[in-house]
Amino acid sequence: MILAPVGWLARVLDPPLRALQRVGGRNGMAIFFVAPNMLIFGIFVLIPLVINFAYSMTGGGALFLGDRIFVGGEQYGRLFDCGNYLEPNSCREDLFWTAVWNTVFFVVLQVALMVGVALITALILNRDLKARSFWRAVFFFPVLLSPVVVGLIWRWILQRQGLLNYMIYELGFDPINWLVERNWAFAAAISVSVWAHMGFYALILLAGLQAIPKDLYEAAEMDGTRPARVFWRITLPLLAPNLLVVLVLTLIRAVQIFDEVYVLTGGGPGTSTLFITQYIYEVGFASLLRNPGLASAASILMGAVLVVLTLFQLGIARRGERRSAK
Amino acid sequence: MSRITLTDVSRSFGSVKVLHDINLDIRDGELIVFVGPSGCGKSTLLRLIAGLDRPTSGKIAINGEDVTRVAAADRGLAMVFQSYALYPHMSVRQNLAFGLENARMPKPEIEQRIAEAARMLNIEPYLDRRPGQLSGGQRQRVAIGRAIVRNPTAFLLDEPLSNLDAELRISTRAELAALHERLSATMIYVTHDQIEAMTLADRIVVLRDGRIEQVGTPLDLYNKPANLFVAGFIGAPRMNFLPSDKLPGTAGSTVGIRPQHLRAADGKAKLKAKVTLVEALGYETVVHGLLDDLPLLAVLPGQKSFEAGDTIALTYDAENLHAFDEQGQRVD
Ligand SMILES: Nc1ncnc2c1ncn2[C@@H]1O[C@H](COP(=O)(O)OP(=O)(O)O)[C@@H](O)[C@H]1O
Ligand SMILES: [Mg+2]
């Protein structure tokens with residue numbers, strides 16, 4: 001019944017499509033169907049990428065590419081002009097290197113925390129607990145929130161006169177300036193982004209846990225295996241493919257961290273939560289000394305890092321496919 | 001040494017009672033087969049004995065010692081799962097060693113036990129492969145090997161042959177019988193296949209809907225089925241059942257006769273049946289017939305020249321009749 005319009009549509013579309021196939025052949029039809037998608041991909045991804053690369057070879061403050069001066073690799077040279085890469089103050093673009101190292105720290109800590117918390121959550125959700133789908137929804141819910149909303153919620157909670165400090169004060173302790181003190185702000189950036197995305201990764205891991213045959217655990221029980229050994233020798237190795245996927249996905253997302261932290265801390269205090277995407281955004285669009293060429297060069301470099309990570313992920317996915325095909 | 005005693009064992013899942021007051025005494029060293037149609041509770045019963053599940057009520061004892069609340073690993077039993085349940089990411093050797101390592105057995109002894117089991121089961125060439133690289137039959141052996149190395153007091157096997165093809169099933173069945181001889185350990189073997197039960201068992205336990213219908217040696221069950229269910233379940237093709245007034249000189253309300261116990265009559269016929277289908281197998285002839293509209297099956301030795309539509313005369317020996325009362329219980 002519901003499908004009736006579909007059948008009608010198919011009948012109407014059939015003759016012209018057949019005519020087209022006679023003209024273009026089978027491969028022509030394939031191109032015809034893929035073309036709209038390729039068009040969108042080209043306009044919004046491929047062409048901007050090329051333009052971005054062109055921008056990174058130009059200098060000055062002008063916005064239109066035609067008005068800009070070709071400078072070759074000068075912008076890249078400027079980014080890498082550094083006395084000691086570990087010491088941002090010795091670099092010409094000290095903010096860039098501050099953002100790079102902040103991002104590296106953030107990625108290492110956030111990915112470790114994310115994978116750990118997601119794994120623990122998945123293990124708990126995999127138990128025979130009451131109202132399992134309710135808890136699953138609770139942990140997944142933040143994933144559905146817009147990053148800006150996430151940032152706002154946690155700003156209300158963490159700001160000087162926010163919810164958390166109110167509760168701390170009521171309990172008789174001294175309030176802490178969560179978003180103003182360097183280390184607390186950094187910790188807040190990590191925790192909030194973990195809170196916001198953890199549910200998604202926990203779900204991937206939960207699916208992996210549920211795919212492990214129950215009778216392996218029964219065999220282990222017959223074998224008298226202690227729970228810790230069951231975890232290390234059975235659960236973890238069999239979950240490894242899912243863990244690797246989660247690891248790489250969180251890695252890619254963490255490198256790109258921006259929106260929720262930007263709303264939460266604005267990169268502060270000072271530059272202590274300034275990450276690479278925010279640096280690019282500010283140099284490109286927001287700062288007084290706007291330099292689109294420099295921002296483009298930085299984004300091309302970041303893109304290169306992401307390409308490497310993505311290739312790594314694709315490699316894993318393909319290996320997984322081969323294994324399951326066996 | 002392992003004598004397993006079940007006393008009034010019941011198991012319910014929610015409001016559904018799956019096992020009803022099972023009483024059973026499994027003797028030391030015997031190969032006992034639980035047989036019954038799918039869903040009758042065989043696996044559930046085996047899992048209760050294994051300790052993977054707990055009875056809702058009742059008692060399980062091994063060698064007189066109550067183990068109802070004892071953990072699976074501490075019962076000294078080993079299980080062979082229907083799916084084999086081999087650890088897929090470990091080599092065959094690691095699969096065999098895993099349980100022994102749990103028990104903190106010294107390495108040389110582990111090595112020795114693995115070598116012994118591997119020799120017994122002919123899996124030496126595969127010790128360093130993973131289960132995924134083995135055929136179904138080889139995996140099956142590894143699963144049995146994993147049970148053997150633990151040197152258990154009893155083996156529990158849940159439909160161990162059901163994932164093998166027909167030919168392999170028959171040869172593996174024979175090997176299992178030989179293995180039982182050799183290890184002289186108690187074995188509890190679950191199957192839905194009555195032929196498997198008949199060929200392997202010292203004693204058979206027939207289960208239906210969570211109740212024991214009969215316990216006995218294969219020939220006990222064949223010669224003296226306690227009720228209509230066992231009579232119909234054991235023996236292939238299925239026993240013929242007829243109202244007793246169709247067969248002169250019989251007692252009870254229903255009378256059963258096995259298809260193989262009907263003979264073509266030369267002289268005085270006791271039955272006349274109309275042939276509906278003839279299956280000539282060469283060494284025997286399976287005749288489907290109707291006796292006053294009631295189906296009747298006869299398996300006659302050798303080759304016969306019957307055709308559909310013929311009326312044939314059949315006879316039997318009175319001692320091969322089985323009589324059952326209105327409740328379906330055997331009357332002698
Ligand atoms: N964990 C369980 N929860 C609910 N019902 C179960 C469970 N395990 C088994 N059953 C039910 O118990 C009955 C017997 O199952 P089982 O012992 O597996 O049968 P068999 O092995 O004889 O085929 C079936 O009706 C099955 O649906
Ligand atoms: Mg079963």
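This passage describes how the parts of a predicted model of two chains and a ligand meet one another.

We can begin with chain A, where the domain assignment gives domain 1, covering residues 4-56, and domain 2, covering residues 91-325. The C-alpha centres of these two domains of chain A are 36 Å apart. Where they meet, 4 residues of domain 1 of chain A are in contact with 6 residues of domain 2 of chain A. The size of an interface is often given as the accessible area lost when the parts come together. For domain 1 and domain 2 of chain A, that buried area is about 410 Å², and carbon and sulfur atoms give 65% of it. On the domain 1 side of chain A, the residues that lose the most area to domain 2 are A:Asn52, A:Tyr55 and A:Ser56, which together make up 81% of what that side buries. Sorted by class, the side of domain 1 of chain A that touches domain 2 has 2 nonpolar and 2 polar residues, and no charged ones. Between these two domains of chain A the count of salt bridges is 0, while 2 residue pairs are in polar contact.

Chain B is also divided into domains: domain 1 spans residues 4-230, and domain 2 is made of residues 241-246 together with 255-331. Their C-alpha centres lie 38 Å apart. Here 8 residues of domain 1 of chain B are in contact with 9 residues of domain 2 of chain B. The two domains of chain B bury about 740 Å² between them, with 54% coming from carbon and sulfur atoms. In domain 1 of chain B, B:Tyr222, B:Pro225 and B:Leu228 lose the most area to domain 2, and together they account for 65% of what that side buries.

Next comes the meeting of the two chains themselves. Chain A contributes 16 residues to the contact and chain B contributes 24. Together the chains bury about 1800 Å², of which 54% is on carbon and sulfur atoms. Within the area that chain A buries against chain B, 38% is supplied by A:Met222, A:Asp223 and A:Arg233, more than by any other three residues. The count of salt bridges between chain A and chain B is 4. A salt bridge joins the side chains of B:Glu101 and A:Arg229, with a distance of 2.8 Å from N to O.

A polar backbone atom of B:Lys42 is 2.9 Å from an oxygen atom of ligand 1. For B:Ser43, an N or O atom in the side chain is 2.7 Å from an oxygen atom of the ligand. A polar side-chain atom of B:Thr44 is 2.5 Å from an oxygen atom of ligand 1. Taken alone, ligand 1 exposes 560 Å², and the protein buries 53% of that area.

Terms used
Residues numbered from 1 in each chain as written. Chains lettered and ligands numbered in written order. Predicted model: local features only at pLDDT ≥ 70, side-chain atom pairs only at ≥ 80, totals over all residues. Heavy atoms only, no water. Domains from an automatic or database assignment. Contact = heavy atoms within 4.5 Å. Buried area = accessible area lost by both parts, 1.4 Å probe. Polar contact = N/O pair within 3.5 Å; in protein donor to acceptor, adjacent residues only side chain to side chain. Nonpolar A, V, L, I, M, F, W, Y, C, P; charged D, E, K, R; others polar. Areas by Shrake-Rupley, 256 points an atom, 1.4 Å probe, with all protein chains shown as cover.
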